[in-house]
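Dear colleague,

I am passing on the structure we spoke about, and below it you will find a short account of what was found. Please read the two with the structure open beside you.

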Amino acid sequence: MLTAHVVRSAPREPSRRWYEAAVSMQRLAESWGDQPYGAVLVVDDAIVGEGPSRVIQRGDASAHAEREAIRNAQRRLGRSDLHGSVLYSTSRPCRLCESAAAQANVARMIYGPGLADGGRPRM
């Protein structure tokens with residue numbers, strides 16, 4: 001009797017390319033005098049959401065780079081569920097941003113110049 005085997009692909013290694021895209025968002029935020037944070041959301045080797053910090057620009061304490069990237073991806077994709085996506089950010093997401101990522105079903109968080117793997121976001 002043959003036994004079916006489930007093959008699961010190994011998680012992809014974090015990519016410096018996507019971290020550098022988050023740094024570009026950080027620079028954009030800094031260029032307009034905002035907080036020095038940036039983030040991007042990646043699905044299937046493509047950026048689907050971009051997020052420079054807009055806290056100062058908008059006067060909105062919830063406009064952190066990670067949440068901006070999540071909102072941008074949700075608008076672009078036309079759905080709130082971002083399953084399979086990876087959030088790259090210039091620093092460790094705060095608790096509220098991690099919770100927002102968990103609610104959006106983000107699969108993994110990568111942050112900082114060392115490409116630290118924060119794993120699946122939690123509420």
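**What was found**

The protein chain holds four helices and five strands, where helices (H or I, at least four residues) and strands (E, at least two) are DSSP runs numbered from the N terminus. Please keep in mind that this is a predicted model, in which local features need pLDDT of at least 70 and side-chain atom pairs count only at pLDDT 80 or more, while totals for chains, interfaces and linings use all residues. Residues are numbered from 1 along each chain as its sequence is written, and side-chain values use heavy atoms, with hydrogens and water left out.

Along the sequence, the elements of the protein chain come in the order α-β-β-α-α-β-α-β-β. Of its 123 residues, 44% count as buried, meaning under 20% relative accessible area with a 1.4 Å probe and protein chains only.

Strand 1, residues 38–43, is mostly covered, with six of its six residues buried; Gly38, Val40 and Val42 lie on one side, and Ala39, Leu41 and Val43 on the other. Strand 1 pairs in the antiparallel sense with strand 2, residues 46–52, over six bridges, pairing being counted if DSSP finds at least two bridges between two strands. Within this pair, Val42 stands opposite Ile47 of strand 2, and the two strands form a hairpin with two residues between them, where Asp44 in the turn has a positive phi of about 50 degrees. Strand 1 is also joined by four bridges to strand 3, residues 86–89, again running antiparallel, and here Leu41 has Leu87 as its bridge partner.

With kind regards

Methods
Buried means under 20% relative accessible area, exposed over 50%, partly exposed in between (1.4 Å probe, protein chains only).
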